[in-house]
Amino acid sequence: MRHKKAARRQTQPDKIYKSRLVTKFINNLMKDGKKTVAQRIFYDSLELLKKQGKDPLEVFEKAIANIEPKQEVKARRVGGASYQVPIEVRGDRRTSLATRWVIQAAKSRSNKEFHTFSEKLAAEFLDALENKGDAIKKKDGMQRMADANKAFAHFRW
């Protein structure tokens with residue numbers, strides 16, 4: 001190997017909940033470097049959960065844990081043919097996929113029932129907690145794909 005591997009940076013825990021997961025989520029939510037806007041949206045959504053009488057951090061963490069995929073498929077070329085090979089998902093990739101899917105699912109929610117993005121995000125957390133919603137569908141689709149291609153598991157590298 002010619003080059004030194006870059007050291008992974010540790011994200012700082014957020015100011016309110018002292019959680020690295022919250023910081024990572026806010027960083028994924030951020031657009032055009034506007035972190036304070038992302039923080040306001042996220043904390044407002046947790047405030048909405050608190051108003052419903054739930055522990056917001058617990059709901060958030062359980063929702064992310066429910067969305068995290070266990071397996072995914074990767075394309076692998078063997079002798080001219082391309083196979084979808086199921087592989088285990090690393091821990092950090094699990095959380096990044098889950099956060100991405102939650103944000104994507106919240107964005108795709110209709111504007112009829114929700115007025116702000118914070119409301120959409122809070123609703124998506126609650127749905128994920130009950131194992132429903134678009135983010136969970138995405139996870140299930142990925143798991144189904146991995147199960148369907150178990151026959152090619154011996155092509156793992």
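Analyst: Start with Val102: leaving aside neighbours within four places in sequence, its contacts (heavy atoms within 4.5 Å) are Phe25, Ile64, Ile67, Leu121, Glu124, Phe125 and Ala135. Keep in mind that this is a predicted model, where local features need pLDDT of at least 70 and side-chain atom pairs count only at pLDDT 80 or more, while totals for chains, interfaces and linings use all residues. Residues are numbered from 1 along each chain as its sequence is written, and side-chain values use heavy atoms, with hydrogens and water left out.

Val102 is among the residues with the most contacts inside the largest nonpolar core, as are Phe25, Phe42, Phe60, Ile67, Leu121 and Phe125; that core has 32 residues. A core here is a set of buried Ala, Val, Leu, Ile, Met, Phe, Trp, Tyr and Cys residues joined through side-chain atoms within 4.5 Å. Buried means under 20% relative accessible area, exposed over 50%, and partly exposed in between (1.4 Å probe, protein chains only).

Now the rings: Tyr17, Phe25, Phe42, Tyr43, Phe60 and Phe125 make up one aromatic cluster. Rings of Phe, Tyr and Trp (its six-membered ring) pair if their centres lie within 6.5 Å; planes under 30 degrees apart are stacked, over 60 edge-to-face, the rest tilted. That rule gives nine aromatic pairs. One of them is Tyr17 with Tyr43, tilted at 6.1 Å centre to centre and 35° between the planes. Tyr17 counts as partly exposed because its relative accessibility is 22%, whereas Tyr43, at 17%, counts as buried. Phe25 and Phe125 form another tilted pair, 5.6 Å centre to centre with 55° between the planes. Phe25 is buried at 0% relative accessibility, and Phe125 is buried at 0% too.
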